[in-house]
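Here are a few notes to read alongside the model. Have a look at it first, then work through the points.

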Amino acid sequence: MGTVDSRKSANPMGDLKNGPNSVLPAGKMLAGSSIRSSEAGGGAEVGFSTEGFVQILGRQWQVIAGTVGVVLVLAVFYLIFATAQYTSTSKLRVEPLGQQIMNASGPDNAREGEISADFLATECDVITSNPVLALALERIGQTKTLDGVQFPMAYLKKNLTVEVAKKGQTIDVYFDSHYPDEAVKIVAAVVDAYQAFESNHWRAKVRESLDLLESGKDSQRKELAQ
């Protein structure tokens, strides 16, 4: 009579130890993941599908929706309570005195666009100079924009933008303020101050030239008398 071997038979799935012929133990796989065996590379590749990503979003939708809601609420509060900034702009057409005299006889299209860029850049410096800004501050007077400012001229020079236009034919003057009416008032005061400064400057030049002519006439009269 034969004997019966009571030992357990070998695992038909193979050795569970690590090795080239090992078999992964049975277990739950990640949702949306897949395992592909690559014989050429001798390893395993793990890829994530769109279904798994959708499942993750489905589980975390409350966190995502809450974050988006907080951002939207903060943006609305910023738009409601943020102080508005207004910009006033003025464009100046500036020509040298000699060209103004030449154009006084009538328009000449041939001379259009011949204003020197260096001349316009110099006039920008004149507009932001201390004498012009001092005249502008006298015209501005008391405003909320300059209220509490320790050095009004320095503040005005810092926040005033004066630059040559892209086409090179005009000078643009900008000023930003939280009060729209005062932004317009300040720009207008700067432009008026510049025009007054230029008028006084050229009036002094003309007076000086007339004085030279008068002195020359006197000397000529004396010579004629002799």
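1. Two strands count as paired if DSSP finds at least two bridges between them. Strands here are DSSP runs of E with at least two residues, helices are runs of H or I with at least four, and both are numbered from the N terminus. In S5, Ile 171 is the bridge partner of Leu 92.

2. Before going on: this is a predicted model, where local features need pLDDT of at least 70, side-chain atom pairs count only at pLDDT 80 or more, and totals for chains, interfaces and linings use all residues. Residues are numbered from 1 along each chain as its sequence is written, and side-chain values use heavy atoms, leaving out hydrogens and water.

3. Now the sheet. Three strands make an open, antiparallel sheet in the order S3-S5-S4. S3 (86–92) and S4 sit at the edges, each pairing on one side only. Between S3 and S5 there are seven bridges.

4. Which residue touches Leu 92, Val 94 and Glu 123, among others? That's Tyr 194, which also touches Val 126, Ile 127 and Val 132, not counting residues up to four places away in sequence (contact means heavy atoms within 4.5 Å).

5. Last, two helices. The axes of H5 and H6 (residues 152–159) come within 10 Å and cross at roughly 105 degrees (axes are lines fitted to C-alpha atoms, for helices over the stretch in contact, with angles from 0 to 180 degrees between N-to-C directions). That makes H5 roughly perpendicular to H6, a label for angles of 65 to 115 degrees. Among the residues meeting there are Leu 133 and Leu 137 in H5 and Met 153 and Leu 156 in H6.

Terms used
Angles under 35 degrees count as roughly parallel, over 145 as roughly antiparallel, 65 to 115 as roughly perpendicular and the rest as oblique.
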